[in-house]
Amino acid sequence: MGERCKKEELWKLLAGDVLPGVFRFKGEWKLLGERGEPVKKTGKTIQDIMKKMGNQEYFFGGIALLAAAMVLQLLARNVSGAATWYAHHVYPVLVGVIGGFFGLFSFSVVEKALYLLVFGVVVYAWRFWREPGRVLARMIFLAGMLLFSYTSNCGVNYYAASFAEYAKMEVGTYSREELKELCGFLTKRVNESAVEERYPDYRWAWRKESVRAMKQMGEEFAALGGFYPKPKEVGISSILSVQQLCGIYSPFTIEANYNRNMPSYNIPHTMCHELSHLKGFMREDEANFIGYLACVGSRRQAFRYSGYLTGWVYAGNALARVDRESYIELRGQLCEQAKKDLQENNAFWEQYEGKVAEVANQMNDVYLKANDQSDGVQSYGRMVDLMLEYYKNKRISLNK
């Protein structure tokens, strides 16, 4: 009897077309006759047939998902305009459906799912270690499902047009004086917006305001408008801290997550940074810039302070490399609250420096380069050029 016949026979049995009786589970599935005696079928139980069928289905299902993910990647990398069209037409639908569903939960779903997944994989492998075919088939299906989710909800977007292209910003080179002027402008804005409003007292209000601030950016840049689920804190944020991460975007649940343990001035900007990924802008330097614009345009003072101080750090670091004296002079002009926050921020991240952070940084560098960000972690530095170009295009005098 061939494999096809076996499958047909199984479904006939299940439908009650061959022999009367019911199935009862006592360690394994067996067909029982009218008097309860086991009915033997050619040396194999129903469980054996079902396991064999299941392995094949999981295996080929996983292969199909892996192949679909590869096709999406190839189209995004090699077909001009495909990724941009996907990011602005298909991906928003996924954000509305998947992000909207998981947005109903107040906690980070991906965090809890990660713990359950690790536990489940370990338990399943231990339970069925004598059946390597079964374990392998399901591991391939799981890998395919995760890779396809990542590709469709994130990976393709790395090859879409950049925010600079979308906003028609031609980033070029800038003089030392222009950089110094920007730092002076940011110093004034930091001092004007300095506030002692602190997390966690305002965490719910901040989550709501981050969405409002991003939607407001949609009035200037249409691609940033529309639906946003609220960002969520990671319960065990030390997992992010040891990797020196302020936040993380989950492509599997389309959630924006942030590190609740870091100094509070970082939180508003991080919220907006992660939310920018939900509009298809995956480049980290551009997410930083979008987060900056959303924060400084916010009606809430804590957000403006977070945006300006974050911008000051990036621009200040760039200035320190080319004009140390000017940097020291401008840093001395910061208000005491800003100086205190920067000291606390440095102390917080320094305690997590070590091998884990170094490995995480190297992995992040490889990840960025693999997704067409050739500068790796150095791409974060382009935020300064984007700020300079933005104010140049807006013709805003930085001396005001």
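What classes of residue make up the lining of the second largest pocket? By class, that lining has six nonpolar, four polar and three charged residues. Here Ala, Val, Leu, Ile, Met, Phe, Trp, Tyr, Cys and Pro count as nonpolar, Asp, Glu, Lys and Arg as charged, and the others, Gly among them, as polar. Please keep in mind that this is a predicted model, where local features need pLDDT of at least 70 and side-chain atom pairs count only at pLDDT 80 or more, while totals for chains, interfaces and linings use all residues. Residues are numbered from 1 along each chain as its sequence is written, and side-chain values use heavy atoms, with hydrogens and water left out.

**The second largest pocket**

- The volume of this pocket is about 210 Å³; a pocket is an open set of points on a 1 Å grid where a 1.4 Å probe fits, with protein on both sides within 12 Å along at least five of seven lines.
- Of its 13 lining residues (those with an atom within 4 Å of a point), Tyr174, Leu179, Ala318, Val384 and Asp385 are the closest to its centre.
- Helices α7 (176-193), α12 (301-322) and α16 (383-394) each supply at least two residues of the lining; helices are DSSP runs (H or I) of at least four residues.

**Aromatic rings**

- There are 20 aromatic pairs in the structure, counted when ring centres of Phe, Tyr or Trp (its six-membered ring) lie within 6.5 Å.
- Tyr58 and Phe141 pair edge-to-face (planes over 60 degrees apart), at 5.4 Å centre to centre and 80 degrees between the planes.
- Tyr58 lies in helix α2 (residues 46-78) and Phe141 in helix α5 (residues 132-153), so their pair ties together parts that are 83 residues apart in sequence.
- Phe101 and Phe105 also form an edge-to-face pair, 5.7 Å centre to centre with 80 degrees between the planes.
- A cluster linked by ring pairs includes Phe163, Tyr166, Phe185 and Tyr391.

**Charges over rings**

- Arg134 lies over the face of Phe128, at 4.0 Å from the ring centre; such a contact needs NZ of Lys or CZ of Arg within 6 Å of the ring centre and within 35 degrees of the ring normal.
- The charged end of Lys279 sits 4.5 Å from the centre of the Tyr228 ring.

**Cysteines**

- The structure holds zero disulfides, a disulfide being a pair of cysteine sulfur atoms within 2.5 Å.
- For Cys272, the nearest cysteine sulfur belongs to Cys295 and is 4.0 Å away.
- Cys272 is buried, at 0% relative accessible area (buried means under 20%, with a 1.4 Å probe and protein chains only).

Technical notes. Grid points are joined across faces, edges and corners, and a volume is the space filled by probe spheres set on the points. Rings of Phe, Tyr and Trp (its six-membered ring) pair if their centres lie within 6.5 Å; planes under 30 degrees apart count as stacked, over 60 as edge-to-face and the rest as tilted. Buried means under 20% relative accessible area, exposed over 50%, partly exposed in between (1.4 Å probe, protein chains only).
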